[in-house]
Structure formats: C-alpha cells, structure tokens
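Me: I'm about to open a structure that is new to me. Could you walk me through it once it is up?

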Amino acid sequence: MSSLSVSRFAPRALCSLRGRAYYSTASKWGKVIHGTPRLTSNLPLPPKASLRRFLTIPAEQPRLRLGSLAPNFQAKTTHGDIDFHEFIGDSWAILFSHPADFTPVCTTELGAFAKLKDEFDHRGVKMIGLSAQDLTSHDQWVADINEVCNTNVQFPIIADADRKVAFLYDMISQDDLDNIKEKGIAFTIRAVYIIDPSKKIRLTMLYPASTGRNTAEVLRVIDSLQLGDKKGVVTPINWTAGEDVIVPPSVSTEDARKKFGEVREVKPYLRFTNVGK
C-alpha cells in the first residue's frame, strides 16, 4: 500500500491514497508536525478493510470556468443592497474588481468606465464594480473619481471589506495568499467577468494590480460575444465591430453562403464573411 498522508484539517481530514484525494473522518492514523502532514511513526498503517471505512467520495474543489454559472451573492453597494443574479436580470453584466479605494490606477479605471456608461447601456450590459473597502470609503472615493476624471459614476460599487465576493470569484493573487500572515488580509487583483443573461460566465480577464485595463478591449469582446450568439459566427484576431468575421468549421461553405451570402474561402477551414455590426 502506498503512503497515507493526513492534513491538518482533522477530524475531517483530507487524505491522499494512491494519488487520489479523499475526505476522511479519521485522524488517528496521522498527525501534524509543524503544520505539515506526517505519518505517525509509532502507528502502523491501517489495513485496507479498516481504511475503506474512513474514505468517502473524492474531494472536489470548485472552479470558475467559462460557461459555468456565475456564483450568486448578496452584498451592500453604493446603490443599496443587491442580490447579484437579481441585479443582472435579463441583461448582460460586467463585474470588475479593484485592489483598493483612493489608489491611482483604480481611480483612472473607474473614471474611464463611468464615461463609457452609454456604450455599455447600448449593448445591454450592466456594470458593477468591487473594491475591498466599506461603503463610507466608497462614497468618498466616488466623489474623488468624479472630480479627478470629470465624470459621474452611475453604477454600483460593491463593499467587500471582508473579501467574501473576492474569494468567491477567485479575485486574489497567489502572492497575497502566500503572504497573508504578513499583510493581515489579501487584496483583490484587477479581475473582469463578463456574464450573459443566463448568468453564465462568458469571459474573464485577470490583471495584476500594477496594470490598468483597456476599456476598448472590454467593449470589443462584448461585441464579439454578442455577435457570435446572434449570428453564429466567430471573430478573428484584432477584430472590431463591422469587420469580416469567420464562418465556424461546423458550417459548410454551401450552408454558409445560403445563410450569409458572400463567403470568401481562403482555405476549406478558413472562410470569411461580413454580417455587419
């Protein structure tokens, strides 16, 4: 039998047997030495029959993947309390996080998004921000953003001082997790989640705190997603609204010409057409 390791989360310990992870309610077979799982030197390994009694189904760690349901949550925002799924309703939504209030890069980002509210409204996209401070701080920061960027922030900003939403959406950097004992609490990175009316995550972008986002790229990918849903096409590199799109491989050239009209075939697998904006 291969070695058995027991984590420090006893009595419901996470055990590893033959490379597979399982939850176990048994902790007597091992102990923790300086926070690291170790076999107990003076105890023999349990027999297979005994071990099976303590092992249950394989442990699974949830992941946010493209196409997965966006986790719902309730939160306080600068526009009042919200239920996230109710906030989205039948619209598209963009959820974007910021490391902290009253920071230079975040201030320029919020100001830029605020100035593009009409563009997002035109696409049927609701904006909602998140920053890891409380509402009092957010309200004061919004006043600064409006002054510095000569704009009017009209979308809600989530107060996430306890990082509940940040952890729910994995908006935390590995460095912050590794150094959380020194820093006291993890700060959020610059994350972007684009969510469709069915509450599915359609696109994610993750930026380090040192790099500001590109609002034109956010609008571009929304245009691509919405056009693809509406017309059944895919978009090439650097595509912008109105340019040629690609006929997906699942559609024959004959069917594509019936559906789209003119189709330019470069290769049997690479065919372009134009469906407008």
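Reply: One term is needed before anything else: a residue is called buried under 20% relative accessible area, exposed over 50%, and partly exposed in between, with a 1.4 Å probe and protein chains only. This is a predicted model, in which local features need pLDDT of at least 70 and side-chain atom pairs count only at pLDDT 80 or more, while totals for chains, interfaces and linings use all residues. Residues are numbered from 1 along each chain as its sequence is written, and side-chain values use heavy atoms, with hydrogens and water left out.

Me: Okay, so is Cys-149 buried or exposed?

Reply: Cys-149 counts as buried because its relative accessibility is 14%. Cys-106 is also counted as buried, in its case at 0%.

Me: And how many disulfides are there?

Reply: The structure has zero disulfides, where a disulfide is taken as a pair of cysteine sulfur atoms within 2.5 Å.

Me: Zooming out, how many helices and strands does the chain have?

Reply: The protein chain has 10 helices and 16 strands; these are DSSP runs numbered from the N terminus, with helices being H or I of at least four residues and strands being E of at least two. Of its 277 residues, 43% are buried.

Me: Which residues have the most contacts inside the largest nonpolar core?

Reply: They are Ile-94, Phe-96, Phe-113, Phe-120, Phe-155 and Ile-194, in a core of 27 residues. A nonpolar core here is a set of buried Ala, Val, Leu, Ile, Met, Phe, Trp, Tyr and Cys residues joined through side-chain atoms within 4.5 Å. Among the elements that give two or more residues to this core are strand 9 (92-98), helix 3 (104-115) and helix 9 (215-231), and helix 9 provides the largest share, five residues.

Me: What does Ile-94 touch, then?

Reply: Leaving aside neighbours within four places in sequence, Ile-94 has contacts, meaning heavy atoms within 4.5 Å, with residues including Phe-113, Phe-120, Met-127, Val-192 and Val-218. There is also a second, separate core of 21 residues, which includes Phe-84, Val-165, Tyr-169 and Met-171.

Me: Changing topic, in what order do the strands of the three-stranded open sheet run?

Reply: The order is 14-16-15, with antiparallel pairing, and two strands pair if DSSP finds at least two bridges between them. Strand 14 (245-246) and strand 15 (264-267) are the edge strands, each pairing on one side only.

Me: Which residue in strand 16 is opposite Val-245?

Reply: That is Thr-273; strand 16 covers residues 270-273 and pairs with strand 14 over two bridges.
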